[in-house]
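Have a look at the sequence and the model first, then try each task before you read its solution.

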Amino acid sequence: MAALEQLPKAELHLHIEGTLEPELALELAQRNGVALPYASLEELKGKYQFTNLQSFLDLYYELMGTLKTAQDFRDLALAYFAKVSTQGVRHAEIFFDPQVHVANGLDVNMVMDGLLEGMHIAKERYGITSGLILSIVRDMPLETAQSVIDSVKNRASDILGIGLDSAEVGYPPHLFTKQFQEAKALGWHRVAHAGEEGPASYVIDALDNLHAERIDHGIHSVTDPELLKRLASERIPLTTCPLSNRRLQVVGSLDELPLRNMMDQGVLINVNSDDPAYFGGYIADNYKALSEIGFTLSELASFAEHSIDASFIGDDQRRTLR
Ligand code: HPA
Ligand code: ZN
C-alpha cells in the first residue's frame with residue numbers, strides 16, 4: 001500500500017461534492033438549519049447501498065443541499081486535499097455542479113470563491129495544484145446550464161474546463177454542443193462523462209460533437225473495437241473509477257472491468273475516485289483495489305504516470321510532478 005500511496009499522481013475525475021462525508025453533511029445540516037430525513041449518522045450511513053447511478057445521484061443531490069456558504073465549500077475542498085495529501089496526489093482537476101447549487105438558492109460566484117480559496121490554501125499547505133471543471137448536470141433544464149456559463153464568463157480564467165455529468169442514458173452528449181463550443185471559445189478544456197451507464201456510441205458522440213479531450217469513465221468503449229483504436233490513435237485518455245463502477249453496479253465485480261484489455265490495445269487509462277465519500281475509498285484505495293485483483297506495481301505506476309500526462313497542466317509543471 002505504501003508504494004501505491006507514494007506514486008506521484010494526478011486526480012482527474014473527482015466531484016468535489018462527492019467528497020462530502022456523511023459526518024460533515026450532518027454537521028453542515030445542523031450548522032445551516034437544513035432538515036434532512038435522517039435521525040442519526042447510522043441511519044444516514046444505511047443509505048449508501050446503490051443499485052445504479054440514479055440511486056446514488058438521489059442521495060448525492062440531497063446531501064448537497066447542506067452546503068450553503070463559501071466557508072462550507074472551502075472546508076469541503078480542504079478536507080479532500082488533507083486526505084489525498086498522503087496519497088501521492090500532486091495535482092487535481094475537480095468537478096463541481098453549479099446548476100444544483102443555484103437551484104438550492106446559492107450564488108455560483110460564492111461557490112467558486114469558496115472552492116478556489118480551499119484550492120489556494122491546499123497549494124500552500126500541501127503543494128497540490130488544482131483546477132476547477134464546471135460540470136453540466138445533463139438531466140437539468142438546458143437553460144440552467146447556459147445560465148451558469150453566462151454567470152461566470154466574466155471570470156473565465158478561474159475555470160480550467162467544462163464537463164458533463166449526472167444521469168447519462170437519454171441525455172446524449174450532442175445535446176450540449178452549443179455550450180461546449182462556447183466553453184472552447186472561453187479557453188476552457190473539454191471533458192465529458194460517457195460510456196459509464198451509456199453505450200459506446202455516446203463516447204463517439206462526445207468526441208465528434210463536443211470535441212472532448214478526455215472521456216470520464218468510458219468503459220463501455222470496450223464494446224466497439226473501432227472506437228478503441230480511435231481512442232488509442234487520438235490519445236484520448238479515459239479517467240476510470242474502479243470502486244465507483246463496482247458500487248454503482250456498472251460491473252458485478254472489479255474483475256469484469258475491461259481496463260487491461262483496453263490498456264493492451266493502447267488506450268491511455270488513469271485511475272480516480274469519482275465520489276470517494278460514497279464509494280468506499282479515495283484514490284489510493286482505488287489503486288489498492290486494482291492491486292488486489294492482480295495489477296502489478298509497474299502497471300499501476302503506468303496508470304499514475306498516465307494521469308499526469310492526461311492532466312491539463314503545462315509541460316514545465318508536468319516535468320516537476322513526476
Ligand atoms: N457519473 C455521473 N454523474 C456523476 C457522477 C458519476 O459517476 N458522480 C457525480 N455525478
Ligand atoms: Zn464522475
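**Exercise 1.** Sort the residues of the shell around ligand 1 into nonpolar, polar and charged.

*Solution.* The shell holds two nonpolar, five polar and four charged residues. Here Ala, Val, Leu, Ile, Met, Phe, Trp, Tyr, Cys and Pro count as nonpolar, Asp, Glu, Lys and Arg as charged, and the others, Gly among them, as polar. Among the residues surrounding ligand 1 are His-15, Leu-53, Tyr-60 and Asp-165; a residue is near if its C-beta atom, placed from the backbone, lies within 6 Å.

This is a predicted model: local features need pLDDT of at least 70, side-chain atom pairs count only at pLDDT 80 or more, and totals for chains, interfaces and linings use all residues. Residues are numbered from 1 along each chain as its sequence is written, while chains are lettered from A and ligands numbered from 1 in the order in which they are written.

**Exercise 2.** Is Ala-200 buried or exposed?

*Solution.* Start by counting: Ala-200 has 20 other C-beta atoms within 10 Å. A residue is buried if 20 or more other C-beta atoms, placed from the backbone, lie within 10 Å of its own, exposed if 12 or fewer, and partly exposed in between. Therefore Ala-200 is buried.

**Exercise 3.** Find which residues of helix H11 (residues 225–233) are buried.

*Solution.* They are Leu-227, Leu-228 and Leu-231; helices are DSSP runs (H or I, at least four residues), numbered from the N terminus. Seen down the axis, the directions to their C-beta atoms fall within an arc of 100°, so these residues line one face of H11. The face turned away carries the exposed Pro-225, Glu-226 and Ser-233.

Technical notes
Helix = DSSP H or I, 4+ residues; strand = E, 2+ residues; numbered from the N terminus.
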